[in-house]
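Dear colleague,

Please find the structure below, followed by some notes on what was found in it.

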Amino acid sequence: MKSTVIPLQSLKAHEKSITSLCIGQRTGLVYATGGEDSNLNLWMVGNSSPIVCLGPFPSPVTSCIFSDSENEICCGNQGGSVILFDLNSSKILNNWSSHPSAINCLCYNPVDRMKTWYSCGDDGTIRVLSTSSKTPIKTIRAHDGPVNFLTISPDGRYAASAGKDKKVKIFDLNTFSEIQTFTKHTDSATCVQFHPKLPLLISGGC
């Protein structure tokens with residue numbers, strides 16, 4: 001069966017390049033865009049104007065992700081900061097100086113009610129961020145070079161990372177130790193995901 005994709009909407013979201021985008025997973029009706037203009041804009045599907053504009057920040061937004069409830073959004077920027085917002089009050093819940101350089105990906109532990117967030121960056125590390133602390137509670141030396149992507153397993157036990165060093169790694173989040181390294185990529189590993197139910201991992205690269 002041949003499928004057809006019908007464009008529903010096209011809009012001007014930022015004055016400069018869009019550098020990140022995420023969709024709310026609870027309703028699928030809200031999404032966010034981060035740009036080189038250092039703004040994070042929140043949208044409802046079908047609206048031509050943002051419902052909320054957060055920023056401008058000191059540097060361009062490089063990553064963003066909604067919480068499960070869509071009541072919070074976390075964003076990272078080129079300067080290495082990670083900011084968690086309460087969207088109901090438009091207040092900052094946490095502002096971590098997470099990395100000395102660009103944030104490449106953000107994710108959260110799905111089993112602890114968004115109390116623990118994770119960032120990865122150009123400095124080759126994964127930082128563990130707690131909502132009860134203003135500074136990272138743990139630094140994992142993950143890759144020789146930038147960590148391009150990070151994801152957490154559905155049960156919250158493992159993190160998987162993809163690096164510019166061509167490696168994909170799995171870490172135990174109870175001990176923060178590396179338990180497996182895959183070296184099948186011949187160029188930079190750019191993304192990785194856990195299967196939602198099966199013990200499988202998929203990765204992509206340059």
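A contact, as the word is used here, means heavy atoms within 4.5 Å. The model is a predicted one, in which local features need pLDDT of at least 70 and side-chain atom pairs count only at pLDDT 80 or more, while totals for chains, interfaces and linings use all residues. Residues are numbered from 1 along each chain as its sequence is written, and side-chain values use heavy atoms, with hydrogens and water left out.

Threonine 33 lies in strand E2, residues 30-35, where strands are DSSP runs of E with at least two residues, numbered from the N terminus. Not counting residues up to four places away in sequence, threonine 33 touches Ala13, His14, Ile18, Ser20, Leu21, Asn39, Leu40, Asn41 and Trp43. Threonine 33 counts as buried because its relative accessibility is 2%, and buried means under 20% relative accessible area with a 1.4 Å probe and protein chains only.

Leu40 and Ile73 have the most contacts inside the largest nonpolar core, which has 15 residues; such a core is a set of buried Ala, Val, Leu, Ile, Met, Phe, Trp, Tyr and Cys residues joined through side-chain atoms within 4.5 Å. Strands E2, E3 (40-44), E5, E6 (72-77) and E7 (81-86) each supply at least two residues of this core, and E5 gives the most, with 3 residues. Apart from this core lies another, of 14 residues, among them Cys105, Cys120, Ile126 and Ile152.

Leaving aside neighbours within four places in sequence, the residues in contact with leucine 40 include Thr33, Phe57 and Ile73.

With best wishes

Methods
Helix = DSSP H or I, 4+ residues; strand = E, 2+ residues; numbered from the N terminus. Buried < 20%, exposed > 50% of the residue type's maximum accessible area, 1.4 Å probe, protein only.
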